[in-house]
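Please read it alongside the sequence and coordinates.

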Amino acid sequence: METLDLLGSAAFWVAMLRIATPLILGTLGVLLCERAGVLNLGIEGIMVAGAFSGWLAVYLGAPLPVGVLVAAIVGGLFGLLHAVLTVMLGLSQHVSGLGVTMLASSLSYFAYRVSFPKVDTPPTITPFAEMHWLDGIPIIGPVLGGQTPMTLFALLAVPAIAWLLYRTPVGLALRMVGENPAAAEGQGLSVTRLRIGAIVAGSALMGIAGSFLTLSAFNAFFFNMINGRGWICVALVVFASWQPGKALAGALLFAFFDALQLRLQQSTGASLPYQVYLMIPYILSILALVVMARRAAYPQALMKPYRKGER
Amino acid sequence: MIGAWRLERRTEPSRTATALAPLAAIAFTLLVCAALVAWAGAPVGQTYALLFDGAFGSRFAISETLTRATPLILTGLACAVAFRARLFNIGAEGQLYLGALAAVAVGGMHGGEALDWPMPVLFAAMMAAAALAGAVWLLIPALMKAKLGVDEVVTTLLGNFIVLLIVSMMLDGPMKDPMAMGWPQSVALASDLELGKLIERTRAHTGLLWAAGLAVIVWLVNRYTVFGFRMRAVGANAHASKFLGLPVTRVMVGTALLSGALAGLAGAIEVAGRTSYVTLDMSPGYGYSGVVVAMLAALHPLGVVAAAVFVAGVLVGADSMSRAIAVPNYIADVIVATALLSMLVAMLFSQYRLRRMGAA
């Protein structure tokens with residue numbers, strides 16, 4: 001009964017979409033990189049850097065959209081570092097990605113401490129406002145109205161990325177580079193440039209995903225605020241079979257369970273320790289990987305560095 | 001411009017380059033981080049001097065560095081062993097915590113009252129339980145990789161978050177220390193089980209000898225046993241190994257058990273040597289730093305000991321330095337991360353060289 005009441009309340013669906021937003025953006029970012037054949041485990045750190053840099057820009061007086069842009073640029077720069085290491089030098093994508101995560105997050109924490117040496121409570125900004133002018137739309141109005149423009153951006157990014165991948169020559173080339181780089185090279189395409197471009201663009205999306213947390217969901221930068229969301233995005237891409245539409249569905253499904261566990265945790269009848277509920281997102285991610293394992297259609301060249309003329 | 005230079009594989013890996021790689025990587029790292037120190041507004045030379053002094057400058061500094069190096073040797077070994085066989089275990093953090101929980105479950109819960117075993121037996125049981133806990137936890141993702149092809153990096157990473165919640169649950173529930181006044185810590189280990197001091201009146205304990213001994217054992221296993229050979233073969237080329245009739249899945253399982261056990265022991269030795277109980281912050285990311293230690297050592301078990309002392313020195317030195325000068329101690333994590341990436345690049349140039357296109 002209680003669960004039914006819950007699903008009928010707009011507040012639940014508002015919370016779900018809010019939880020889903022950074023996951024949608026992050027998953028799309030990972031998807032772009034992996035479609036071009038490169039695993040990007042830098043996401044966890046890039047999200048930290050995006051959250052911090054976007055917030056800092058706004059704190060220093062920039063308008064909110066500029067903050068998002070700054071987060072995208074910073075994310076793109078860390079992506080460029082990952083691209084140089086994995087595409088141009090052909091280094092291990094696993095280790096390089098972990099290195100980028102460590103570097104991006106430690107640099108953010110270092111910069112935060114240098115900028116604010118003696119603060120106990122994190123300084124705050126005024127985040128994006130909710131779009132209550134949308135409340136009038138039937139059925140979905142109250143849910144969309146409770147969101148900020150960043151959620152709208154995330155929802156629009158899904159068809160945009162799908163269009164890019166499946167309806168444009170660049171998208172075709174990008175997918176080809178992820179499946180068979182030698183053949184792409186034979187067609188006169190530059191594997192190096194396409195992969196670098198995909199990683200930088202994907203990492204920019206990851207940076208924006210991080211900035212959602214400081215510019216929309218909360219109004220300050222906290223340590224450990226990303227808390228594994230990046231890794232969850234990496235799992236969601238496999239669940240989504242590397243397709244933007246399914247990535248959206250996966251992120252929403254995941255957010256549904258996350259919002260549900262939050263409510264169950266708060267409801268008075270909770271009989272389990274609260275940690276059990278908090279575990280659910282991570283366990284779900286692992287389960288998603290296991291369930292999809294048999295059917296997963298990995299991009300054929302994923303994690304294989306390409307060196308011209310080398311077999 | 002991108003195509004003007006290209007990497008060319010050396011016919012033989014350059015020995016000089018291999019030997020110089022860690023030094024070059026560390027030199028480059030210190031150079032990059034000097035810019036950050038300058039940005040924080042501190043004199044670079046003095047900052048590095050304070051950092052070095054805080055890590056190795058006194059008896060106390062050395063003892064602190066060795067205390068930190070102890071778990072890092074073990075998590076570094078855990079990563080090195082697994083990476084050699086291309087099992088990317090990034091879950092050493094979680095395995096360490098589970099090892100610590102298991103150690104306390106065996107050696108603390110009963111406080112010598114319920115379990116009336118002779119101390120040496122109880123000590124062995126405590127260590128075995130910790131090793132087993134770590135090993136079993138890694139076995140799950142290893143099997144998922146071997147049987148289903150699920151990427152182990154993501155599953156081991158996600159596992160770390162699950163373990164921390166399990167620890168938190170245990171500290172709230174069955175393993176809660178009733179005397180801790182609500183402070184989240186577990187019951188303490190029976191005091192007879194604690195490790196002896198290595199240096200009097202410091203925190204350095206004999207766990208360091210355990211860690212170093214295990215490094216030698218892992219090196220011997222790697223070099224002189226059939227299992228070691230198989231691990232290296234599977235890592236070098238799993239496909240060819242299968243073709244040769246090597247039991248690839250079994251080797252993978254064996255590697256996972258060894259790697260997880262080493263990380264689990266790190267937890268037990270931390271509890272027995274330093275903290276004597278489990279807290280939620282007993283490891284400041286030793287599992288993740290273990291990845292860096294393993295890479296800096298080029299996955300060599302004996303190199304792991306040296307790399308662990310280096311990383312521990314950076315962590316301890318930065319803590320001490322940041323108390324004296326206005327540079328946040330997060331510089332340590334930046335140094336460690338930069339060292340990892342620089343080392344990757346440096347290792348590449350021991351196998352490849354840059355050639356200008358068309359010059360050949």
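**Chain B and its interface with chain A**

Of the 360 residues in chain B, 52% are classed as buried, a residue being buried if 20 or more other C-beta atoms, placed from the backbone, lie within 10 Å of its own, exposed if 12 or fewer do, and partly exposed in between. The model is predicted: local features need pLDDT of at least 70, side-chain atom pairs count only at pLDDT 80 or more, and totals for chains, interfaces and linings use all residues. Residues are numbered from 1 along each chain as its sequence is written, while chains are lettered from A and ligands numbered from 1 in the order in which they are written.

**Overall form of chain B**

- Chain B contains 13 helices and 2 strands, which are DSSP runs (H or I, at least four residues, for helices; E, at least two, for strands) numbered from the N terminus.
- With a radius of gyration of 22 Å, close to the 21 Å that the globule rule gives for 360 residues, chain B is as compact as a globular protein of that length; the radius is taken over C-alpha atoms, and the rule is 2.2 Å times the number of residues to the power 0.38.
- The C-alpha trace of chain B spans about 80 × 60 × 35 Å along its principal axes.
- Among contacts in chain B with a separation of 6 or more, 79% join residues 24 or more positions apart; a contact requires C-beta atoms, placed from the backbone, within 7 Å.

**Interface of chains A and B**

- In total, 37 residues of chain A are in contact with 41 residues of chain B.
- On the chain A side, helix 5 gives the most, with 13 residues.
- The axes of helix 11 of chain A and helix 6 (residues 152-172) of chain B come within 10 Å and cross at roughly 140°; axes are lines fitted to C-alpha atoms over the stretch in contact, with angles from 0 to 180 degrees between N-to-C directions.

**Positive phi outside glycine**

- A:Asn224, which is not a glycine, has a positive phi of about 60°; A:Asn224 lies in the loop between helix 10 (191-217) and helix 11 of chain A and is exposed, with 9 other C-beta atoms within 10 Å.
- B:Arg86 also has a positive phi, near 60°; B:Arg86 is located in the loop between helix 3 (59-84) and helix 4 (92-107) of chain B and is partly exposed, with 18 other C-beta atoms within 10 Å.

Notes
Contact = placed C-beta atoms within 7 Å.
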